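Hello,

Here is the structure I promised to pass on to you. Have a look at it first, and then read my notes below.

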Amino acid sequence: MPSRITCEVHDESPVTVVRLRGDLDLGTMRTVHDALDGCLASQPDALVVDLTDVTVRDRLALSVFAAIARRAAGWPAVPVVLCAPPGEAATWLAQSTACRVVPVRRDCDEATRVANAAAAPRLRARLEPVAEACRRARELVTDACARWNLPETVGPASLVLSELVGNVVRHAGTPMQVTLTLCRPYLHLVVADGSRTAVRAGAADLRAEGGRGLLLVRETAQRWGSAPAGDGKVVWAILPAN
């Protein structure tokens, strides 16, 4: 049975625009959530959601946009902007918590300008799963912190990112995409790989030579986590950007 809502994704770099068409209600909001979540996995600079052709059947379904905006704020630090909600939907949005979490603009052009202006500076690199990837990760942190004037962040960020990259080298063994984003007051570190195997910081064997990488990440970062992304996953960490 076809879905009663469709999600057309347009990669208009650096902003991704998602145009929704159809009925939004409690039955279709999961489809919308999964589509937008999938867009966030590619870590665009910003995400615009076009509601021109959406009919909102249940105002509670609008909460999906607040959920996505909160998710995007934690990882991957991407601003989300809604645009062109029709008639009654615009009134409901103005009265909902969603409007306090995600901005709403009258048309796609205005929303794109707002999203672009809110986009955080990023530094991206593609790394192979080889031993020297950890050294390259530390160099990326040094370059980013110099560019963004974060001298006190170099040490902890280098430790965290090299551990995240090292985890891919040791366990996933796939090429990886490394992204550093400055979203003050935090520096966001993200490593995306091609393995769906979940990661976790377990209790390390004190007699073992390794196995403490994610424990170091957990103790050093303000927050960290992992999420499925496409055919693989992302592991992210957030540190104070002093």
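Does Cys-134 count as buried or exposed? Cys-134 counts as buried, at 17% relative accessibility; buried means under 20% relative accessible area, exposed over 50%, and partly exposed in between (1.4 Å probe, protein chains only).

Before going on, a word on the background: this is a predicted model, where local features need pLDDT of at least 70, side-chain atom pairs count only at pLDDT 80 or more, and totals for chains, interfaces and linings use all residues. Residues are numbered from 1 along each chain as its sequence is written, and side-chain values use heavy atoms, with hydrogens and water left out.

Now the cysteines. A disulfide is a covalent bond between the sulfur atoms of two cysteines. Here it is counted as a pair of cysteine sulfur atoms within 2.5 Å, and that rule gives zero disulfides. For Cys-134, the closest cysteine sulfur is in Cys-145, 17 Å away and so too far for a bond. Cys-7 is partly exposed at 23%, and its sulfur is 8.3 Å from the closest one, in Cys-39, which is also too far.

A cis peptide bond, with omega about 10°, links Trp-75 to Pro-76. Pro-76 sits in the loop between helix H2 (63–74) and strand E4 (80–83); helices (H or I, at least four residues) and strands (E, at least two) are DSSP runs, numbered from the N terminus. Ala-77 is found in that loop as well, and has a positive phi of about 60° although it is not a glycine. Ala-77 is buried, at 5%.

Enjoy exploring!
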